[in-house]
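Please work through the questions below with the sequence and the model side by side.

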Amino acid sequence: MKIMQCWDDSVRNDIRLAELFRQYGAKATFNIIPGGNRWVYEDFPVDKLEVSEMVEVYRGFKVAGHGGVPLTRLPAEQVRRELAAAKQLIRDRFDQAQCGYAYPGGGVDDAVKALVREAGFLYARTTRDVEGALPLDDPMALPAHCHFRNPLFWEKYERIREADGLFYFWGHSYELKNDESRWAQMETTLARIADDPQAEWIDVVDLFVTAE
């Protein structure tokens with residue numbers, strides 16, 4: 001049973017989340033967005049991390065590109081510039097030559113997929129969920145199995161164990177807010193995976209990486 005997870009938007013709650021992952025030996029990919037302003041999720045003010053902070057917060061984890069606006073809304077040349085900047089940032093500041101991308105808002109079409117591939121990303125995550133085995137035939141349209149707060153999380157987990165044993169979930173740490181009950185539930189999830197003798201954490205990029 002191989003487990004993968006990724007977390008979007010590079011927000012300040014990732015600091016606590018990353019420490020929790022270290023505590024339980026969990027690998028994770030953080031999909032980063034440089035810059036950006038504070039916003040409010042439900043009643044919780046969400047603050048972004050600066051790039052200088054991200055380098056330390058995400059030390060030991062993988063990062064991937066993200067963005068603030070669905071790429072399908074942007075002209076091709078702007079998409080090229082944004083993708084190139086994201087790739088260069090990850091290479092220069094995080095010393096990570098090979099990485100993936102997460103489509104902002106899940107916005108993707110064939111033209112966008114071609115641009116992401118052209119920019120050198122190895123995979124790109126959509127917001128689409130799948131029920132069975134994770135399809136890897138189109139790395140530029142990679143789905144996940146579920147969001148981390150999906151009430152059917154464990155049902156899906158066990159179902160995938162019987163399929164191909166490759167389980168992928170995602171989320172935003174700001175959804176945990178400062179709600180200790182949500183943080184406790186997250187810790188319970190990590191503890192349960194840590195206690196599963198068949199479970200092994202891997203990074204998403206491991207599915208597509210080539211020799212460096």
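Q: In which loop is phenylalanine 61 found?
A: This is a predicted model, with residues numbered from 1 along each chain as its sequence is written, in which local features need pLDDT of at least 70 and side-chain atom pairs count only at pLDDT 80 or more, while totals for chains, interfaces and linings use all residues. Side-chain values use heavy atoms, and hydrogens and water are left out. With helices (H or I, at least four residues) and strands (E, at least two) taken as DSSP runs numbered from the N terminus, phenylalanine 61 belongs to the loop between helix H2 (51-57) and strand E5 (62-65).

Q: Is phenylalanine 61 buried or exposed?
A: A residue is called buried under 20% relative accessible area, exposed over 50% and partly exposed in between, with a 1.4 Å probe and protein chains only. The relative accessible area of phenylalanine 61 is 12%, so this residue is classed as buried.

Q: Which residues does phenylalanine 61 touch, not counting residues up to four places away in sequence?
A: Contact here means heavy atoms within 4.5 Å. Leucine 142, which is 81 residues from phenylalanine 61 along the chain, has its C-alpha atom 20 Å from that of phenylalanine 61. The residues that phenylalanine 61 touches, leaving out those up to four places away in sequence, are Ala18, Phe21, Arg22, Ala26, Ala28, Phe30 and Gln96.

Q: What is the relative accessibility of glutamine 96?
A: Glutamine 96 is placed in the loop between H3 and strand E6 (101-102), and beyond four places in sequence it touches Phe61, Lys62, Val63, Ile90 and Arg91. The residue counts as buried, because its relative accessibility is 8%.

Q: At what phi is aspartate 95 found?
A: Most residues other than glycine have a negative phi. Aspartate 95, in the loop between H3 and E6, is exposed, with a relative accessible area of 71%. Its phi is positive although the residue is other than glycine, and lies near 55°.

Q: Where is glutamate 42, which has a positive phi, found?
A: Glutamate 42 is not a glycine, yet its phi is positive, at about 55°. The residue is located in the loop between strand E3 (39-41) and strand E4 (44-46).

Q: How many aromatic pairs does the structure hold?
A: Rings of Phe, Tyr and Trp (its six-membered ring) are paired if their centres lie within 6.5 Å, and such a pair is stacked if the planes are under 30 degrees apart, edge-to-face if over 60 and tilted otherwise. Ring pairs link Trp7, Phe21, Phe30, Tyr58, Phe61 and Phe148 into a cluster. The count of aromatic pairs in the structure is 18.

Q: How many residues apart in sequence are the parts tied together by the pair of tryptophan 7 and phenylalanine 148?
A: The ring centres of tryptophan 7 and phenylalanine 148 are 4.7 Å apart with planes at 55°, so the pair is tilted, and both residues are buried. Tryptophan 7 lies in strand E1 (residues 2-8), whereas phenylalanine 148 lies in the loop between strand E9 (146-147) and helix H5 (153-162), so the separation in sequence of the parts tied together is 141 residues.

Q: What is the relative accessible area of tyrosine 157?
A: Tyrosine 157 forms an edge-to-face pair with tryptophan 154, at 4.9 Å centre to centre and 65° between the planes. The two are three residues apart in helix H5, so about one helical turn separates them. Tryptophan 154 is partly exposed at 21%, whereas tyrosine 157 is buried, with a relative accessible area of 1%.

Q: Over the ring of which residue does the charged end of arginine 125 sit?
A: A charge is said to sit over a ring if NZ of Lys or CZ of Arg is within 6 Å of the ring centre and within 35 degrees of the ring normal. Arginine 125, in strand E7 (residues 124-129), is buried at a relative accessible area of 1%, and it touches residues including Cys6, Asp8 and Tyr168. Its charged end is 4.4 Å from the centre of the ring it sits over, that of tryptophan 170.
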